[in-house]
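Subject: Model handover

Hello,

Here is the structure I promised you. Please open it alongside this note. My findings follow below.

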Amino acid sequence: MYRLQEASGLRILLIEDSKPEALYIERTLTQAGPNVYRVKKAYSIAQAAALLQAHEFDVGLLDLGLPDSIGFSGLNTIINLAPKLPVVILTGMNDPEIEITALERGAQDYLLKDMASISALSRAMRNAIQRKHIENMKSEFVSVVSHELRTPLTSIHGALGLIEGRLHEGVPEQVMRLINIAYKNSERLIALVNDIVDIEKIDAGRMYFDMRNEPLSDLIRQAVETNQAYADKFNVQITAGPVRKNMVVAVDGSRLIQVLSNFLSNAAKYAEPGQEILLRVEDHSGQARVSVRDFGAGIKPEFHPHLFTKFSQADSAITRSKGGAGLGLYICKQIIEHMGGDVGFSSELGKGSTFWFDLPLVKADSKADDVSEDDQRRVAS
Ligand SMILES: Nc1ncnc2c1ncn2[C@@H]1O[C@H](COP(=O)(O)OP(=O)(O)OP(=O)(O)O)[C@@H](O)[C@H]1O
Ligand SMILES: [Mg+2]
């Protein structure tokens, strides 16, 4: 755990591609006195990654414009490599938009290089360390509580399921109705706890991906089999289009099915009874595009920017009646991006919505189960 070190020797990783600027920051930091700050410099994300593997740091100072990272991808890499490291973003641009995005993407503070005096730098690093410490404690707490909740919930759900399925003889109808309600609610609670566990894993960089080369046709078939029973509850039919046998992607199969399950369950929830959901796989500029299309209510434009963010639901009243916590799409985006892909959607009010993800296709000549070095790296990140 990174703690606030009042005494000397705060270990700083300074990631800045401009040597004069790096030197300037380093010199400024020495004004605090000898050995108050111990700085190691990296001129690229790759160098920073190597330093993070070899040394421990208390705080990172990260310039956003580095030669080997575009926008916030450098910040992502640093967070994945060192999820507990507090990060202060250094930038030359006074743009509140960047500031907000940096904080949303996991940095703890933000400092304009022009303002980087010794007192401003010290304050930003101290704030970042304190914030990260609180964040780490919070996520530890949520993780422990959600894991502790999962075990008793699973047994409650199992017991109610048994009464519902096999042990209901002689149980009055009214009691059975209550048991049925309790059973459904325990199911919802388990789904919610599972989502929270996933979010904690993602945010702490602890979601592991067992990447393998998988034919999309198998994954699509499994996703339909897994989700048709849920769609039946809404009287909606899932129809999958043909998938070429040679369409292979390097993914964690169960995570990919998790993504498809959320797309399909959303589509089922928001389609009209009797409608069809179309699951398609196409070659999209050399990538595999997997899309789930429904012909339901569609999504109002004001809500579009909130899709794929945490706890976002367009209409909480409708959603309450249909179940869900507004976490599914956020988790889907994180999973697909970790596997090297992209997500997106299009929607028209009253006509329906299409949610899709793109994943790089594995070249036909690579052997099955043979994961490239690039993919291995993704597993680690
Ligand atoms: N196909 C769709 N049609 C209409 N609205 C949708 C569709 N997919 C998602 N939405 C909207 O986006 C919101 C977020 O979806 P998301 O999957 O993240 O959460 P959820 O389904 O409500 O809950 P969870 O997936 O965590 O169980 C939904 O509550 C709904 O308002
Ligand atoms: Mg959902």
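First, the term for the metal site: donors are N, O and S atoms within 2.8 Å of the metal (3.2 Å for Na, K and Ca), and water is not among the atoms, so sites may look incomplete. By that rule, Asn-262 (OD1) and Asn-266 (OD1) coordinate the magnesium ion (ligand 2), at 2.2 Å.

Some conventions. This is a predicted model, in which local features need pLDDT of at least 70, side-chain atom pairs count only at pLDDT 80 or more, and totals for chains, interfaces and linings use all residues. Residues are numbered from 1 along each chain as its sequence is written, chains are lettered from A and ligands numbered from 1 in the order in which they are written, and side-chain values use heavy atoms, with hydrogens and water left out.

**Confidence**

pLDDT is the predictor's confidence in each residue, from 0 to 100. Its average over the protein is 88, and 91% of the residues score at least 70. Residues 1-6 fall below 50; this stretch has 16 contacts in the model beyond near neighbours in sequence. Residues 366-381 are also below 50, with 19 such contacts. Contact means heavy atoms within 4.5 Å.

**Overall build**

The protein has eleven helices and twelve strands. Both are DSSP runs, numbered from the N terminus: helices are H or I, at least four residues, and strands are E, at least two. The C-alpha trace spans about 80 × 50 × 40 Å along its principal axes. Of the 381 residues, 44% are buried. Buried means under 20% relative accessible area, exposed over 50%, and partly exposed in between (1.4 Å probe, protein chains only). Among contacts with a separation of 6 or more, 71% join residues 24 or more positions apart.

**Back to the magnesium**

Where do Asn-262 and Asn-266 lie? Both are in helix α8 (residues 253-270), four residues apart, about one turn of the helix. Asn-262 is buried, because its relative accessible area is 15%. Asn-266 is buried too, at 17%.

**Helix α6 against helix α10**

The axes of α6 (residues 173-203) and α10 (residues 328-338) come within 10 Å and cross at roughly 40°. Axes here are lines fitted to C-alpha atoms, for helices over the stretch in contact, and angles run from 0 to 180 degrees between N-to-C directions. The crossing of α6 past α10 is left-handed. That means the near helix is turned anticlockwise from the far one by less than a right angle; clockwise would be right-handed.

From α6, the contact uses Asp-195, Asp-198, Ile-199, Ile-202 and Asp-203. They meet Gly-328, Tyr-330, Ile-331 and Gln-334 in α10. Four of the contact residues are nonpolar, two polar and three charged. The classes: Ala, Val, Leu, Ile, Met, Phe, Trp, Tyr, Cys and Pro are nonpolar, Asp, Glu, Lys and Arg charged, and the others, Gly among them, polar.

**Ser-146**

Ser-146 sits in helix α5 (residues 118-165). Its relative accessible area is 5%, so Ser-146 is buried. Leaving aside neighbours within four places in sequence, Ser-146 contacts Val-193, Ile-196 and Val-197.

**Two positive phi values**

Asn-35 is not a glycine, yet its phi is positive, about 65°. Asn-35 is in the loop between α1 (19-30) and β2 (37-42). Asn-35 counts as exposed, at 55% relative accessibility.

Phe-308, also other than glycine, has a positive phi near 70°. The loop between β10 (287-294) and α9 (316-322) holds Phe-308. At 10% relative accessibility, Phe-308 is buried.

Best wishes
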